[in-house]
Amino acid sequence: MPGFMLHTLADMKCLHQAPATIPPAQTRVLVSAQPAATMASQITVAGCPFTTPEPKPQPCLIVKWSMPTTRVLIMGQPVMVQAAPGPGAGVGMSGPIPNGPPVLGKFQMRVFAM
């Protein structure tokens, strides 16, 4: 699926506005002077405040990304891409339980990949 390549400093938050971090899985390919994010990266969420109505804490811990490139690979791994700012092409997870899509704010919009 085509989209703009994400990098490690993309402004991503879980649905509940906690910051999500994309650690660099590779450092050879840079986009806007930052390492490009590949599907090998595990996106982590810190400080998600979500609780269920019971009340039971169920914070987002990771984001599973679901929009990889099909033609562009970095060190054998597909690159994470996003079509536009707004809801991300992934889902915030609390263990095995999905909590909703992440939200992307600012990210680079110069390098487009398929």
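These notebook entries set out what I looked up in one predicted protein model.

**Entry 1. Ground rules**

I took residue numbers from 1 along each chain as its sequence is written, and I noted that, the model being predicted, local features need pLDDT of at least 70, side-chain atom pairs count only at pLDDT 80 or more, and totals for chains, interfaces and linings use all residues. Side-chain values use heavy atoms, with hydrogens and water left out.

**Entry 2. Overall form**

I counted 0 helices and 16 strands in the protein chain; helices (H or I, at least four residues) and strands (E, at least two) are DSSP runs numbered from the N terminus. The radius of gyration is 14 Å, close to the 13 Å of the globule rule for 114 residues, so the chain is as compact as a globular protein of that length. That radius is taken over C-alpha atoms, and the rule is 2.2 Å times the number of residues to the power 0.38. I recorded a C-alpha trace spanning about 45 × 25 × 25 Å along its principal axes.

I found that buried residues make up 42% of the 114, where buried means under 20% relative accessible area, exposed over 50%, and partly exposed in between (1.4 Å probe, protein chains only). The accessible surface is about 6100 Å², with 63% of it belonging to carbon and sulfur atoms; areas come from the Shrake-Rupley method with a 1.4 Å probe, and for residues only the protein chains shown count as cover. Of the contacts (heavy atoms within 4.5 Å) with a separation of 6 or more, 61% join residues 24 or more positions apart.

**Entry 3. The sheet**

I traced an open sheet of 8 strands in the order β12-β15-β2-β3-β6-β9-β13-β14, with antiparallel pairing; two strands pair if DSSP finds at least two bridges between them. Its edge strands are β12 (86-87) and β14 (97-100), each of which pairs on one side only.

**Entry 4. Backbone in the loops**

I looked up the peptide bond from Glu54 to Pro55 and found it cis, with omega near -5 degrees. Pro55 sits in the loop between β7 (51-52) and β8 (56-57).

Gln17, a residue other than glycine, has a positive phi near 75 degrees. Gln17 belongs to the loop between β2 (12-13) and β3 (19-21) and is partly exposed at 48% relative accessibility. Ser32 likewise has a positive phi, near 55 degrees; it lies in the loop between β4 (30-31) and β5 (34-35) and is partly exposed at 46%.

I searched for aromatic pairs (rings of Phe, Tyr and Trp, the last by its six-membered ring, with centres within 6.5 Å; planes under 30 degrees apart are stacked, over 60 edge-to-face, the rest tilted) and the count came to 1. The ring centres of Phe4 and Phe112 are 5.2 Å apart with planes at 80 degrees, so this pair is edge-to-face. The pair links strand β1 (residues 3-5) with strand β16 (residues 112-113), 108 residues apart. Phe4 is buried at 17% relative accessible area, whereas Phe112 is partly exposed at 49%.

Gln82, in strand β11 (residues 77-82), is buried at 4% relative accessibility. I noted a polar atom of the Gln82 side chain 2.8 Å from the backbone oxygen of Ala84. Leaving aside neighbours within four places in sequence, Gln82 is in contact with residues including Phe4, Trp65, Met67 and Phe107.

How values were computed
Polar contact = N/O pair within 3.5 Å; in protein donor to acceptor, adjacent residues only side chain to side chain.
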